[in-house]
Each structure stands twice: as structure tokens, then as C-alpha cells.
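Visitor: Can you walk me through this one? Keep it quick, please.

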Amino acid sequence: MSKKKKQKGTVEDMNRADREALQDESQAAIDAMGSELEAVAEEGAGMEAMDAETLLNAKAQTQLQELTEALQAAQTKQEEYLTMAQRVQADFENFRRRNQNVRKEAYDDGARNFATTMLPVLDNMERAIEAAKETADPSLKEGVEMVYRQFCEVFEKHGITCINRLGEPFDPNLENAVMQGAAEDGEPGTVCEVLQKGYQMGASVLRHAMVKVVPEA
């Protein structure tokens with residue numbers, strides 16, 4: 001091989017080595033740059049993730065605040081509706097009690113008025129019993145007495161009782177003193193004779209008894 005060819009081969013070998021070295025350096029630079037870019041990308045992704053998490057937390061806090069306010073408003077409305085319902089229920093209970101009282105008072109007034117109208121009938125039956133004692137027919141007396149007993153039983157079932165306080169101290173709330181007895185008729189201030197029976201229904205006097213009273217000493 002000639003000397004010139006040897007030199008040419010040597011140059012080509014050097015150029016090839018240089019090129020390979022340059023390629024290696026370029027590849028190393030590219031790899032380094034790629035690593036840096038990956039690091040920058042990872043850092044950017046981390047920052048974006050942090051920003052996204054912060055945004056989500058802020059949004060969640062806002063929604064939680066809105067839900068809390070909505071819940072408080074609903075609870076306030078619930079309390080208002082409950083108070084309103086309780087007030088309506090109390091008003092209804094008062095209305096129902098008033099109606100019951102009105103009905104009871106109306107019923108009692110009607111019963112008292114009816115019983116008062118029947119008292120003269122009861123008086124006449126007592127007179128009929130006295131008159132039947134003089135008759136020779138005992139069945140007449142028994143019949144009148146039976147009707148009288150039934151009449152009294154009906155009165156008792158409705159709480160109507162007779163005011164007959166013979167020998168008791170005179171009570172102007174229950175009796176009318178229409179006559180004055182003698183000192184020997186009994187204790188002073190007491191009822192010595194009942195001229196007409198009185199009647200009361202519960203605490204209400206239907207008719208005061210007409211009595212004779214022993215005068216005070």
C-alpha cells in the first residue's frame with residue numbers, strides 16, 4: 001500500500017472516530033436535555049396537581065357552606081311549621097273543648113227546663129196517692145204509687161234529687177220560708193214543716209222547697 005493511501009485511511013479513521021464521538025456527545029446532550037425536560041414536566045404536573053387539588057378543596061368548601069346554609073334554612077322552616085302546627089292544634093283543642101262545654105251546658109239547660117216543667121206533674125201524683133188512700137180500690141193506689149216510683153227513678157238517673165230537709169237548719173239557698181212555726185215545733189232556726197218539696201239537679205236548684213221555720217230565740 002502506498003504512503004498516500006495509508007494517510008488517507010488514517011484521516012478517514014480519524015474522521016469516523018470524531019463523528020462517532022460527536023454523535024455520542026450529541027446523544028448524551030439530547031439524553032440530558034430529555035431528562036431535564038422530563039423533570040420540568042414532572043414538576044409542572046405536580047404543580048398542576050397541587051393547583052387542581054387546591055381548586056377542588058375550595059369548591060368543596062363552597063359547596064359545604066352552601067349545603068350548611070340550606071340545612072339551616074330548612075331547619076328554621078321546619079321549626080316555623082312545627083310551631084304553626086302546634087298553634088293550630090292548640091286552637092283546635094280549645095275550640096273542641098269550648099264546643100263540648102257549650103253542648104254540655106245546652107244539654108243541662110234543656111234537662112233542667114224539662115225537669116222543672118215535670119215537677120207539677122210529680123206534685124199531682126203525690127196528691128193522687130194521698131187521695132187514693134181513701135178509696136176502697138187498692139189497685140188504684142198501687143198503680144199510682146208504681147207510676148210515682150218510676151217517675152222518681154227517672155229523676156234519680158238524671159241526678160235530680162228531692163230537697164226535703166225537715167229538722168235541718170234553714171238554708172235560704174235551698175228553701176223559701178213562707179211560714180213561721182212555734183217555739184215548741186223544734187230547735188230555733190230549723191225547718192219544722194215542708195209545705196212543698198224542692199228539687200235540685202246537681203248543684204242547680206230547680207225549685208226551692210217551701211217550708212215553715214222555727215223562729216230564732
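Guide: One definition to start. Strands (E, at least two residues) and helices (H or I, at least four) are DSSP runs, numbered from the N terminus. Two strands pair if DSSP finds at least two bridges between them.

Visitor: What kind of model is it?
Guide: A predicted model: local features need pLDDT of at least 70, side-chain atom pairs count only at pLDDT 80 or more, and totals for chains, interfaces and linings use all residues. Residues are numbered from 1 along each chain as its sequence is written, and side-chain values use heavy atoms, with hydrogens and water left out.

Visitor: How many helices and strands are in the protein?
Guide: Two helices and six strands. The pattern along the sequence is α-α-β-β-β-β-β-β.

Visitor: Which strands does strand 4 pair with?
Guide: Strand 1 (residues 160-163) runs antiparallel to strand 4, with four bridges joining them. Strand 5 (residues 204-207) also pairs with strand 4 in the antiparallel sense, over three bridges.

Visitor: And what stands opposite Met201?
Guide: Ile160 stands opposite Met201. In strand 5, Ser204 is the bridge partner of Met201.

Visitor: What about the hairpin of strand 4 and strand 5?
Guide: Two residues lie between the strands. Gly202 takes a positive phi near 65° there.

Visitor: Are the residues of strand 4 buried or exposed?
Guide: Buried, meaning under 20% relative accessible area with a 1.4 Å probe, protein chains only. Gly198 and Gln200 cover one side, Tyr199 and Met201 the other.

Visitor: And what share of the protein counts as buried?
Guide: 16% of the 217 residues.

Conventions
Buried < 20%, exposed > 50% of the residue type's maximum accessible area, 1.4 Å probe, protein only.
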